[in-house]
Amino acid sequence: MWKRVVLIGSILIFLSGCSVQKNETEKLKDLDYTIVEEKEVPEELQGILEEKKTESFKLTYEAEGSLYLCIGYGEQATGGYSISVAELYLSENAIYFDTNLIGPDPSETVSETVSYPYLVIRTEYLDKPVVFQ
């Protein structure tokens, strides 16, 4: 009898510990953003970008109620590169930011000088971690 009670109790405790979990990356909403021109980047952030631009980087910067998301793809052999924003969205636990580096079109004449493509966007400040994808 006691063995049966203990077994049933153990099963109930195990089942009560199991629950359905939400996908923490599930999109709650897309976030509005603005691509920030170099001359509009806060001075302190501009200095940080200048230091980091030769290597790939991902960083966030908060100023005056705005969140700046920055991504750089390091040194490229030529000019003609651009960066597109694939997604910027809010989930329950984080902000997700996904970008793509787009190389020069083969038919395009590009500068043969080294370039350092990077992108800075500004969005509303949210107290969430940022996941760069």
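Start by selecting leucine 119, which sits in strand E7; strand E7 covers residues 118–124. Strands (E, at least two residues) and helices (H or I, at least four residues) are DSSP runs, numbered from the N terminus. You are looking at a predicted model, where local features need pLDDT of at least 70, side-chain atom pairs count only at pLDDT 80 or more, and totals for chains, interfaces and linings use all residues. Residues are numbered from 1 along each chain as its sequence is written, and side-chain values use heavy atoms, with hydrogens and water left out.

**Stop 1: around leucine 119**

Is leucine 119 buried or exposed? Leucine 119 counts as buried because its relative accessible area is 8%. For reference, buried means under 20% relative accessible area, exposed means over 50%, and partly exposed lies in between (1.4 Å probe, protein chains only). Now show its contacts, meaning heavy atoms within 4.5 Å. Leaving aside residues up to four places away in sequence, leucine 119 touches Ile35, Leu69, Cys70, Ile71, Ile83, Val85, Phe97 and Thr99.

**Stop 2: the cores**

Next, colour the largest nonpolar core, which has 15 residues. A nonpolar core is a set of buried Ala, Val, Leu, Ile, Met, Phe, Trp, Tyr and Cys residues joined through side-chain atoms within 4.5 Å. Leu69, Leu88, Ile95, Phe97, Leu119, Ile121 and Val130 touch the most other members. Two or more residues each come from strand E4 (66–73), E5, strand E6 (95–102), E7 and E8. Which strand gives the most to this core? E5 does, with four residues. A second, separate core has 11 residues, including Val41, Ala63, Tyr68 and Cys70. In soluble globular proteins, nonpolar side chains tend to be buried together.

**Stop 3: the open sheet**

Switch to the cartoon view and find the open sheet of four strands, in the order E1-E5-E6-E8, with mixed pairing. Its edge strands are E1 (29–30) and E8 (130–132), each of which pairs on one side only. Two strands pair if DSSP finds at least two bridges between them. Walk across it:

- E1 and E5 (residues 82–90) pair in the antiparallel sense over two bridges; lysine 29 has leucine 90 as its bridge partner.
- E5 and E6 run antiparallel, joined by eight bridges, and form a hairpin with four residues between them. Select serine 84 to find asparagine 100 of E6 opposite.
- E6 and E8 run parallel, with three bridges joining them; tyrosine 96 is partnered by valine 131 in E8.

**Stop 4**

Now select strand E3 (residues 56–63). Its covered face holds Phe57, Leu59, Tyr61 and Ala63, while Ser56, Lys58, Thr60 and Glu62 make up the uncovered one. E3 pairs with E4 in the antiparallel sense over eight bridges, and lysine 58 has isoleucine 71 of E4 as its bridge partner. In the turn of this hairpin, glutamate 64 has a positive phi of about 50°.

**Stop 5: back to E7**

Finally, select Ile35, Val36, Glu37, Glu38, Val41, Glu50, Lys53, Tyr116, Tyr118, Leu119 and Val120, which line the largest pocket. On a 1 Å grid over the protein atoms alone, a pocket is an open set of points where a 1.4 Å probe fits, with protein on both sides within 12 Å along at least five of seven lines; lining residues have an atom within 4 Å of a point. Which strand gives the most to this lining? E7 does, with three residues.
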